[in-house]
Amino acid sequence: MPKKIQSLSGMHDIFNSRYDYFEKIREVSSRVAKEYGFKGIEFPIMEETELFARGVGGVTDIVEKEMYTFKTKGGDFVALRPEGTASVMRAYIEHNFYTRPQPTKLFYFGPFFRYERPQAGRFRQFWQFGLEAIGKSCFVVDVQIIKVISNIFEELGIKTKIEVNNMGDLKCRKEFKTVLRRYLKKRSNLLCSDCKRRLKENPLRVLDCKQCIEVKSEAPQIIDHICKQCRSDFKNFLEFLEELDIPYNLNPFLVRGLDYYTGTVYEFFLETEDEERMAVGGGGRYDGLSKILGDEERPATGVAIGIERIILAMEKSGGDIIEKKIPDVFIAQLGDLAKKKALNLFEEMRNSKVDVAESFGQDSLKSQMNRADKLGAKITIIIGKEEAVEDRVILRDMNSGEQEKIKTEEVLKEVKGRLKKNKNKD
Ligand code: HAM
């Protein structure tokens, strides 16, 4: 026998109850985003590698170690998208979105790819829901985005904590990098080999190294080195969060793993008793990204949340927020002629917006009746061999167990009448 093929490490199938959670998250997140004026956008799964190398930053873990890149047959260097912000900004510039009223508010939901070491909540293909608002600088938009995500989490029954920091604008960041580099240079013998290199190229990345914990813990903090304007913007941002009753914690070590951030940054962490902290979302301002991608400076801000991690949290919380779909009618059949008639009846019911279920793959009437019972159908229509020939059906009220034989042509009217009566009783 040929070898069985399995999914790739870190890539996974989503099915059964997890698919129900997945659908629910997609429905809730896009609905809430639309309520706040965000419009949907889809963008390609593959882009020029350079978009991420420049956008996310050449010295980030994402670009250095985690990107799926390859050369196409035509000789182009392409990458599977590791995140959505650079692509949305590419689309914004390419389609001249700045000619519309600003900010342009967009949302997306899709798969992303990072060659990370798979572990609980960390995959190589994972799904994100993201929001981006580009074209206008105002901390109200940052706060609104946090509010949108908080509302989504609340509706999904997930409890999170928000941690915030400010990374300074491009100018004060440059000054901070000099201070940080000086500090790190004195301790370079304690740095891992990656960080020794980062020290020269981008010392900020040392601050999110998972190995150099000790050196990081006493490092100068960016918040003490930001300029007057950044400080005042950050103060306003925090005041607006308080105004909206959104609790937060300041985390001076939060620097995010992507280079494009400027000013306010934040992450959503699951509120759990586990020691391991799990980020379910993160974002912030990225006012410099458009320039890096060859356009003029466009103020921008956004966030993305990790769908698999939300599913895990929903499973753990055990909240029963997936409504069980109860069909109004179940159609059971016995024999080939009955099967044919049942198929037609199913279509007729569906076209008339009756919630109808079936199990045409099963031949035993007993198993079909069990299925109808399990689903909680209100009425079961039974077409046996005899009924199929007579062009009649048996209608069974699943509550009382009463049965009645009626002509096939009258079924729809009768079913609708009974359902209406039931509804009025409720
Ligand atoms: P990020 O922090 O890299 O930000 O990812 C956002 C979220 O995606 C994380 O908090 C996490 O929940 C989820 N996530 C990331 N990597 C994985 C993985 N390997 N497996 C499972 N889940 C994962 C961004 O991607 C930015 N583009 C967010 C943003 C939008 N900033 C501004 N606008």
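Which strand gives the most residues to the shell around the ligand? It is E10, with 5 residues. This is a predicted model: local features need pLDDT of at least 70, side-chain atom pairs count only at pLDDT 80 or more, and totals for chains, interfaces and linings use all residues. Residues are numbered from 1 along each chain as its sequence is written, and side-chain values use heavy atoms, without hydrogens or water.

**View 1. The shell around the ligand.** The ligand is surrounded by 25 residues, each with a heavy atom within 4 Å of it. The closest are Glu 83, Glu 116, Phe 123, Glu 132 and Tyr 261.

View 2. A backbone N or O atom of Phe 123 lies 2.8 Å from a ligand nitrogen. For Glu 132, a polar side-chain atom lies 2.8 Å from a ligand nitrogen. A polar backbone atom of Gly 302 is 3.5 Å from a nitrogen of the ligand. The protein buries 96% of the 660 Å² that the ligand exposes when taken alone (Shrake-Rupley method, 1.4 Å probe).

**View 3. The buried face of helix H15 (a DSSP run of H or I, at least four residues).** Val 411, Leu 412, Val 415, Arg 418 and Leu 419 are buried (under 20% relative accessible area, 1.4 Å probe, protein chains only). Seen down the axis of H15, the buried residues fall within an arc of 135° (directions from the axis to the C-beta atoms), so they line one face of the helix.

**View 4. The outward face of H15.** Turned away from the buried side are Lys 413, Lys 420, Lys 421 and Asn 424, which are exposed (over 50%).

Conventions
Helices (H or I, at least four residues) and strands (E, at least two) are DSSP runs, numbered from the N terminus. A polar contact is a pair of N or O atoms within 3.5 Å; within protein, one must be able to donate a hydrogen and the other to accept it, and residues adjacent in sequence count only if both atoms are side-chain atoms.
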